[in-house]
Amino acid sequence: MAEQEHVTLLKQGVAIWNDWRQQHTHIHPNLSQIALEQISLREICLSGANLKEAILSHTDCCMANLSRADLRQATLKATLLYTANLEEADLRGANLVEADLREANLQAADLRKANLSQASLCTVNLKHSHLRETILKEANLSYASLCHADGCLADLQNAWLNHADLRFARFYTANLSQATLYAANLCQADLREATFSQANLRAQ
């Protein structure tokens, strides 16, 4: 459960919270299982915070710093995370259905078994990310960077990967049925046993 002192501080607003974080850099806030639906957390600093099983559906987290945050099993359905920093965040099993992650930084993030169906991931940074068994059905990954990402067993049915950079990525046995990979860069990608039924792989 979340620590009440941290919850009270957060409810005083982003400015007060960020000021407190700046003065207490050694503290890793405990906000596990907190419910923060449909509020604005723009530019909030939640780096290294414990947000396990937190409910953040429809919350505005644009430009937020969530690097190295624990978001395992968190509910982030339709959450706005435009340009947010989620580098090295733990999002295993998180619900990110219809989330807006355009231009977000998810480098080296752990998204194993997370659900990103219909999420907007245009120009997202997913370099070295862990996407094993991740659900990305109908997600828009146009111009996304997936260099060295591990997407083995991932489900990318009907996903958009136009101009995506998948160099050295591992998508062994991934499902790319009906996916659009127009002008995608697949140089040295591992696509063994992947399914490309009715996929669009035009070079240009």
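Are tryptophan 17 and tryptophan 20 buried or exposed? Tryptophan 17 is buried, and tryptophan 20 is too. Buried means under 20% relative accessible area, exposed over 50%, and partly exposed in between (1.4 Å probe, protein chains only).

## Basis

This is a predicted model: local features need pLDDT of at least 70, side-chain atom pairs count only at pLDDT 80 or more, and totals for chains, interfaces and linings use all residues. Residues are numbered from 1 along each chain as its sequence is written, and side-chain values use heavy atoms, leaving out hydrogens and water.

## The tryptophan pair

One aromatic pair turns up in a search of the whole structure. Tryptophan 17 and tryptophan 20 form this tilted pair, 5.2 Å centre to centre with 45° between the planes. Rings of Phe, Tyr and Trp (its six-membered ring) pair if their centres lie within 6.5 Å; planes under 30 degrees apart count as stacked, over 60 as edge-to-face and the rest as tilted.

Both tryptophans sit in helix 2; they are three residues apart, so about one helical turn separates them. Helices (H or I, at least four residues) are DSSP runs, numbered from the N terminus.

## Nonpolar core

The largest nonpolar core has 63 residues. Such a core is a set of buried Ala, Val, Leu, Ile, Met, Phe, Trp, Tyr and Cys residues joined through side-chain atoms within 4.5 Å. Helix 1 (4-10) and helix 2 (14-23) are the elements that give two or more residues to this core.

Leu71 is among the residues with the most contacts inside the core. Beyond four places in sequence, leucine 71 touches Leu51, Leu56, Leu66, Leu76, Leu86, Asp90, Leu91 and Ala94. Contact means heavy atoms within 4.5 Å.

## Serine 142

Serine 142 lies in the segment after helix 2. Its relative accessibility is 10%, so serine 142 counts as buried.
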